[in-house]
Amino acid sequence: MNTRTVLDVTRGRPTSDGGGVRLTRVVSPEQGLDPFLLLDEFDSSEASDYLAGFPAHPHRGFETVTYMLDGHMLHEDHLGHRGDLKPGGVQWMTAGRGIIHSEMPQQVEGRMRGFQLWLNLPAARKMAPAAYRDLDPAEIPALALPGARVRVVAGRLAADGGAAPVAGPVGGGATEPLYLDVALEAGAQLQLPTPAGHRVLAYVFEGAVRLGGRALGKGELAVLGDGDALELAAQASPARVLVLGARPLREPVVHYGPFVMNTVEEIHQAIRDYQSGHLTAAG
Ligand code: FE
C-alpha cells in the first residue's frame, strides 16, 4: 500500500458567476490540476446570493457535474432536457461539441448548497454529441463502513473484507472519474483505494480531518501526491469530504470562458460557432 501524501493545501476564493450567484471557487483552471478544470462550492441561506441563477449559457469541450446538497434547481437545455436537481441528486452533463443550458433556483428562500465540477474531455471527445444524465438521490449508492458512509457518484469503491465493490452510476470514459462524498463520524478513520497515476483531490466541506498526516479544516482543498490509497481521519467532530479522482489527460488546455479546447484556433472556432448559432450542431 502506497499512501498518498499532501502536496499542497489551498483555499477557495469568493467570486460570482452566472447571473450573479455568490460562490467559492475551490479549483480554478489556472491551477493545472488536469483533468480537473474547476470546482465551485455554493452555500448560502441568503436568497439574494443565488436567486439570479445561471441563465442560458453555452459550454463546449468538457463535462459539468452538479451535486446538490440542499435546495432545488431546474436544469433546461437546448435539446429539450429538463431536470430537477434535488438534495442528494446529481446532474452529469457532457457538453461535447456544444450545449446551451440554464440552471435556475426553484426556491425563494432557504439554503442552497452544492458543488459544480468541470471535468475535461480528451481531444477525441471534445466534439462528440452532447449527453446528459440526471441522477436521483436513490440512484447514487452508499457504502457503509465503520464510522463512515461514502456516497459513490462516479467510479468504484471496494469495501474491506472482499465484498463486491460499489459502483456509482457514472463510470469509465477517458478520465475514469471517481467522485465520492465521504461522511465521517467524529474520530472515525478510513482508508480509500485510489488508482495509482490518477489525480486525486480532497475538499473538506464540513468539520476537520487529518489526511496523509496533515490537518485540514473546513474549506481547505488538498492536492494529493501519487499513490494507491488515501487515509482520512475525522477530528473531534463529524466531517465531510469530497474526494475526486481522475486520470490526467496530459493534453494542451486552452480555456476561454465556457469553452475548454486544446488550441487557440479551436477556441476561436467555438466563439464563431456560438455567434453564428452553430455551437450545438454541424453546419
Ligand atoms: Fe453551465
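Reader: Are His-59 and His-101 buried or exposed?

Author: In this predicted model, His-59 and His-101 are both buried. The label buried requires a relative accessible area under 20%.

Reader: What makes His-57, His-59 and His-101 donor residues of the iron ion?

Author: The NE2 atoms of His-57, His-59 and His-101 coordinate the iron ion at 2.1 Å. In sequence, the donor residues follow the spacing H-x1-H-x41-H. His-59 belongs to strand 5 (residues 54–59) and His-101 to strand 10 (residues 99–105), so this pair ties together parts that are 42 residues apart in sequence.

Reader: Why are strand 2 and strand 12 said to stand at the edges?

Author: The open sheet has seven strands in the order 2-3-4-11-6-9-12, with antiparallel pairing. Strand 2 (13–17) and strand 12 (131–135) each have a single partner strand, so one side of each is left without a neighbour in the sheet. On average, neighbouring strands of this sheet are turned by 20° against each other, direction ignored.

Reader: Why is strand 19 described as largely enclosed?

Author: Of the eight residues of strand 19 (residues 199–206), six are buried, so the rest of the structure largely encloses this strand. Strand 19 pairs antiparallel with strand 24 (residues 239–246) over seven bridges, and with strand 22 (residues 220–224) over three bridges, also antiparallel.

How values were computed
Residues numbered from 1 in each chain as written. Predicted model: local features only at pLDDT ≥ 70, side-chain atom pairs only at ≥ 80, totals over all residues. Heavy atoms only, no water. Donors = N, O, S within 2.8 Å, 3.2 Å for Na, K, Ca; no water. Helix = DSSP H or I, 4+ residues; strand = E, 2+ residues; numbered from the N terminus. Buried < 20%, exposed > 50% of the residue type's maximum accessible area, 1.4 Å probe, protein only. Pairing = 2+ DSSP bridges. Axes fitted to C-alpha atoms, helices over the stretch in contact; angles between N-to-C directions.
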